[in-house]
Amino acid sequence: MPVTHRLVPERPIRLTELPTRGQSFYPAGKEAAKAEFRALRKELAELQYRFYADGRFRLLIILQAMDAGGKDGTIRRVFQGVNPQGVRVTSFKVPSKEELAHDFLWRIHKAVPGNGMIGIFNRSHYEDVLVVRVHNLVPESVWRPRYEQINQFEKMLTETGTTILKFYLHISKEEQKQRFQERVDNPEKHWKFSHDDLKKRALWDAYMAAYEEALNRCTTPWAPWYVIPADQKWYRNLAIARVIVDTIKQLDPQFPPPEGDLSQVVIE
Ligand code: AMP
Ligand code: MG
């Protein structure tokens, strides 16, 4: 039984006790993992084709992480080769004036996937209990009720046909330092460096506390969190691809039946 890193509602976690390295879960090592990942990615592409054709299901994949935690890389690597027509990535940035004039789920709800679609959230409504909480962007009386509001929103989505997968990419503070340094040193990565990221890094402990509470409060039977050891990209990619493939397999998408008896069709 492969490890999925899935949290369960009855067992709250401490983030400091969860590993950021995946090696021990995959003793065969990096090269074997990469080979398995390539096979899984192929399987994902085939399953997604069927999922899109079937059109009965919706899959929402939520990615959260500290800066440089690997959200972009996960999307690029795991979904490489998947039919772009059936996938929609939404990146949630600092809310616009119009978005701020609405409830925090307004922009989120508009982006959830429709029938046959896989929606990927690069950041999400969880920012509204993370960055918003750590930087006091709204008072506690506003962000505190959001955990329950999120749970109810996600419940409604799952009850109306959306499967939700939530991944927290768990990296160490040391790994973030190395990735930031790479962004500073490598001209091709300069575009990814933001001075604001250093301000957030300085608040690492407050972010960990906020993440921990979000993970514990919003792990529900209908929408659990997965805490993925993400210091090693090869393990992160493999673990996430596995969960997604297993989830779609369980839905068991089928090609729709033909319109009548096609053996009688004559094409002149
Ligand atoms: P990036 O993912 O690097 O493009 O950065 C997007 C930025 O938008 C991050 O600093 C997020 O913390 C910020 N952000 C996303 N959602 C919200 C939100 N609801 N409120 C405030 N900031 C947000
Ligand atoms: Mg950034």
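Helices H1 and H11 are roughly parallel to each other, a term for angles under 35 degrees, with over 145 counted as roughly antiparallel, 65 to 115 as roughly perpendicular and the rest as oblique. The axes of H1 (residues 30–54) and H11 come within 9 Å and cross at roughly 30 degrees. The model is predicted, so local features need pLDDT of at least 70 and side-chain atom pairs count only at pLDDT 80 or more, while totals for chains, interfaces and linings use all residues. Residues are numbered from 1 along each chain as its sequence is written, chains are lettered from A and ligands numbered from 1 in the order in which they are written, and side-chain values use heavy atoms, leaving out hydrogens and water.

- Axes are lines fitted to C-alpha atoms, for helices over the stretch in contact, and angles run from 0 to 180 degrees between N-to-C directions.
- Helices (H or I, at least four residues) and strands (E, at least two) are DSSP runs, numbered from the N terminus.
- H1 passes H11 in a left-handed crossing; left-handed means that the near helix is turned anticlockwise from the far one by less than a right angle, and right-handed that it is turned clockwise.
- On the H1 side the contact (heavy atoms within 4.5 Å) is made by Lys30, Ala33, Lys34, Glu36, Phe37, Leu40, Glu43, Leu44, Leu47 and Phe51.
- These meet Trp234, Asn237, Leu238, Ala241, Arg242, Ile244, Val245, Ile248, Lys249 and Leu251 in H11.
- By class, the contact of H1 with H11 divides into 13 nonpolar, 1 polar and 6 charged residues; Ala, Val, Leu, Ile, Met, Phe, Trp, Tyr, Cys and Pro count as nonpolar, Asp, Glu, Lys and Arg as charged, and the others, Gly among them, as polar.

**Helix pair H8 and H9**

- H8 (residues 173–185) and H9 (residues 195–202) pack at an angle of about 165 degrees, with their axes 12 Å apart.
- That angle makes H8 roughly antiparallel to H9.
- The crossing of H8 past H9 is left-handed.
- Lys173, Gln176, Lys177, Phe180 and Arg183 in H8 meet Asp197, Leu198 and Arg201 in H9.
- The contact of H8 with H9 has 2 nonpolar, 1 polar and 5 charged residues.
- Phe193 lies in the loop between H8 and H9 and is partly exposed, at 22% relative accessibility; buried means under 20% relative accessible area, exposed over 50%, and partly exposed in between (1.4 Å probe, protein chains only).
- Leaving aside neighbours within four places in sequence, Phe193 is in contact with Phe180, Arg183, Val184 and Leu198.
- The C-alpha atoms of Phe193 and Phe255 are 62 residues apart along the chain and separated by 44 Å.

**Nonpolar core**

- A nonpolar core is a set of buried Ala, Val, Leu, Ile, Met, Phe, Trp, Tyr and Cys residues joined through side-chain atoms within 4.5 Å.
- The largest nonpolar core has 73 residues, and those with the most contacts inside it are Ile61, Phe79, Ile118, Tyr126, Phe167, Tyr168 and Ile244.
- H11 (residues 233–251) gives the most to this core, with 10 residues.
- Not counting residues up to four places away in sequence, Ile244 touches Leu44, Leu59, Ile61, Val78, Phe79, Leu165 and Phe167.

- Ile62 is in strand E1 and is buried, with a relative accessible area of 0%.
- Ile62 and Phe167 are 105 residues apart along the chain, and their C-alpha atoms are separated by 6.0 Å.
- Setting aside neighbours within four places in sequence, the contacts of Ile62 include Phe121, Tyr126, Glu154, Leu165, Phe167 and Trp225.
- Ala68 lies in the loop between E1 (58–65) and H2 (71–78) and is buried, with a relative accessible area of 10%.
- Phi of Ala68 is near 65 degrees, a positive value in a residue other than glycine.
- Lys71, Gly73, Thr74, Ile75 and Val78 are the buried residues of H2, and they pack against H1, E1, E2 (87–91), E3 (118–122), E4 (162–170) and H11.

**Segment after H11**

- Asp252 is found in the segment after H11 and is partly exposed, at 43% relative accessibility.
- Asp252 has a positive phi of about 55 degrees although it is not a glycine.
- Pro253 lies in the segment after H11 and counts as buried, at 1% relative accessibility.
- Pro253 and Gln48 are 205 residues apart in sequence and 8.7 Å apart in space, C-alpha to C-alpha.
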